[in-house]
Amino acid sequence: MANKTKNSPGSTPARSRAPIVYWIVAVIALLGLADATFLTVAHLTGDDAVCGSMAGCSAVLGSAYATIKGIPTAAFGAVAYFTVFSAAILTTFGYARLRRFLILMVAVMFMASLYFLYLHAFVFH
């Protein structure tokens with residue numbers, strides 16, 4: 001008797017494709033973590049070389065929106081990216097309970113990105 005749940009040749013079950021998505025999320029989060037850490041260190045050391053010749057960049061990094069209670073906004077981003085990276089890796093290795101948390105974190109970070117884009121487009125220009 002043939003097994004009816006067997007996949008056709010060349011097809012990949014949805015379950016085996018899911019870890020690839022989490023690996024991609026982990027790599028993107030790792031890149032974001034590197035960027036946010038760089039910006040946090042640059043802010044804390046007062047390094048203005050991050051901006052180069054872009055005058056608007058200095059205005060953003062020196063604005064009231066650059067810190068929350070004295071903590072650089074990029075530091076919160078670094079923590080968020082590290083959290084997403086960790087959750088994506090753990091989800092890849094079978095911690096299914098973290099999927100909802102991972103989706104929630106990505107959604108919150110997306111909303112924060114939209115807020116910062118709004119600030120950049122309408123407040124600083």
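This is a short talk on the fold, the surface and two spots in a single-chain model.

First, the ground rules. The model is predicted, so local features need pLDDT of at least 70 and side-chain atom pairs count only at pLDDT 80 or more, while totals for chains, interfaces and linings use all residues. Residues are numbered from 1 along each chain as its sequence is written, and side-chain values use heavy atoms, with hydrogens and water left out.

Now the fold. The chain has four helices and two strands. Their order along the sequence is α-α-β-β-α-α. Both kinds of element are DSSP runs, numbered from the N terminus: helices are H or I with at least four residues, strands are E with at least two.

Next, contacts. A contact means heavy atoms within 4.5 Å. Take the contacts between residues at least 6 apart in sequence: 62% of them join residues at least 24 apart.

On to burial. Of the 125 residues in the chain, 21% are buried. Buried means under 20% relative accessible area, exposed means over 50%, and partly exposed is in between, with a 1.4 Å probe and protein chains only.

How much accessible surface does the chain have? It comes to about 9,200 Å², and 71% of that belongs to carbon and sulfur atoms. These areas come from the Shrake-Rupley method with a 1.4 Å probe; for residues, only the protein chains shown count as cover.

Look at Thr 73. It lies in helix α3, residues 73-92. Is Thr 73 buried or exposed? It counts as buried, because its relative accessibility is 17%. Setting aside neighbours within four places in sequence, Thr 73 contacts Tyr 65, Ala 66, Thr 67, Ile 68 and Phe 116.

Two of those names, Tyr 65 and Phe 116, come up again. They belong to a nonpolar surface patch of about 630 Å², along with Tyr 115, Tyr 118, Phe 122 and Val 123. Phe 122 sits in helix α4, residues 98-123. Phe 122 counts as exposed because its relative accessible area is 60%.

Last, aromatics. The whole structure holds three aromatic pairs. One of them is Trp 23 with Phe 93, edge-to-face, 5.8 Å centre to centre, with 85° between the planes. The two are 70 residues apart: Trp 23 is in helix α1, residues 14-45, and Phe 93 is in the loop between α3 and α4. Trp 23 is partly exposed at 40% relative accessibility, and Phe 93 is exposed at 57% relative accessible area. For the cut-offs, rings of Phe, Tyr and Trp (its six-membered ring) pair if their centres lie within 6.5 Å; planes under 30 degrees apart are stacked, over 60 edge-to-face, the rest tilted.

Terms used. Patches are made of residues with over 30% relative accessible area and no salt bridge: like charges are joined within 9 Å, nonpolar side chains (Val, Leu, Ile, Met, Phe, Trp, Tyr) within 5 Å. A salt bridge is a side-chain nitrogen of Lys or Arg within 4 Å of a carboxyl oxygen of Asp or Glu.
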